[in-house]
Amino acid sequence: MNPGSKKPHIELVTGSILFGLLGVFVDYLQDVPTGPMIFYKQLFGVFSLLLFMLITGKLSQIIPRKKKRYLLLLGIINTTTLLTYFICIRYTSFSVAILLLYTAPMYVTLLSAPILKETITRKGMLALAMSFIGLLFIVDMTGVTTGFTAGNGYIIGITAGILSGLSFGIEIINIRYIKDDYSSVAQLFWYTLIGVILLLPFASKVSGPVLTDNLNMLIIFGIVNTAMAALLYVSGIAQIKAQTGSILALFEPVSGIFFDFTVVHTPIHANTLIGCFFILLGAAMAVTEKSSKIFGKYFKIQV
């Protein structure tokens, strides 16, 4: 990969935008319980990935090699991120869940230096600050304050949201750590398959009629969210600095708000627009940050 190429950035942004459709799918699939919804999303995603690998001749890439325990860890962490994120949405709100999920850049910034030996630059820290300010504008802080007085359910949601941010941050670090041994396709396949196995008990937690009525949308959910979006996301984030990748991934909440407004018809407020501006500003700063001379040595990947 040419150090000056923006292809990984475009892949990551495109994947994040497709991830932003999650709210639309969840709104349509509101009759399907959370556990079964995630299970079937991942299941149909695995089938889509297998078909993709057969067509492109990349099936041999999924053979486990080095760092197998980190591959297993990636599957566990990704499943944890999904479950805690969906639980947070259920007990709080979409905006609160996004804020807590995307505290991940803070953990990435702190962990990328000692684990991945990446330099924390002033511009990177400023980009992170801009993006986090944007998220503070987007979140409904009045709802947060009111929610704490509403009962234990909200506390469960907040706790789950904090865990989702931490696990998402560790997931980004893990993807970067094993990128030299596993292509983005291999990583995506294994963490999705491991998730399907872990979530197997939820397969029967939905009634037959409800599953049948929502089967087509669950298939589309799996193809778009689990396969297409994740493939672009993992391919992009594996080829750029972890700090930059975690900030560019903030396009997900921005696109999620856009889709909520245009498709689900959720009202959009001035604070939301201001927040989107700061997030895009932070993302632009991350993309234009100059790479160090050793960029090409550490960030080549075979996809």
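How many aromatic pairs does the count come to by the ring-centre rule? The count comes to eleven aromatic pairs, where rings of Phe, Tyr and Trp (its six-membered ring) pair if their centres lie within 6.5 Å, and planes under 30 degrees apart count as stacked, over 60 as edge-to-face and the rest as tilted. One of them joins F137 and F278, a stacked pair with 5.7 Å centre to centre and 5 degrees between the planes. F137 lies in helix α7 (residues 122-138) and F278 in helix α14 (residues 270-287), so the pair ties together parts that are 141 residues apart in sequence; helices here are DSSP runs (H or I, at least four residues), numbered from the N terminus. F19, F168 and Y233, in turn, form one aromatic cluster.

Before going on, a word on the source: this is a predicted model, in which local features need pLDDT of at least 70 and side-chain atom pairs count only at pLDDT 80 or more, while totals for chains, interfaces and linings use all residues. Residues are numbered from 1 along each chain as its sequence is written, and side-chain values use heavy atoms, with hydrogens and water left out.

Let me turn to the charged side chains. A search of the whole structure finds three salt bridges, each defined as a side-chain nitrogen of Lys or Arg within 4 Å of a carboxyl oxygen of Asp or Glu. In one of them, K67 is paired with D181, the closest N and O atoms being 3.3 Å apart. K67 lies in the loop between α3 (34-56) and α4 (68-91), and D181 in the loop between α9 (152-177) and α10, so this pair ties together parts that are 114 residues apart in sequence. K67 is partly exposed, at a relative accessible area of 28%, whereas D181 is buried, at 15%; buried means under 20% relative accessible area, exposed over 50%, and partly exposed in between (1.4 Å probe, protein chains only).

The charged end of K67 also sits over the ring of Y177, 4.2 Å from its centre, by the criterion that NZ of Lys or CZ of Arg is within 6 Å of the ring centre and within 35 degrees of the ring normal. K41 is placed likewise over the ring of F221, its charged end 5.7 Å from the centre.

The salt bridge between E11 and K7 has an N to O distance of 2.5 Å, and both residues lie in helix α1 (residues 7-19), four residues apart, about one turn of the helix. E11 counts as buried at 13% relative accessibility, while K7, at 43%, counts as partly exposed.

Definitions and conventions
Helices (H or I, at least four residues) and strands (E, at least two) are DSSP runs, numbered from the N terminus.
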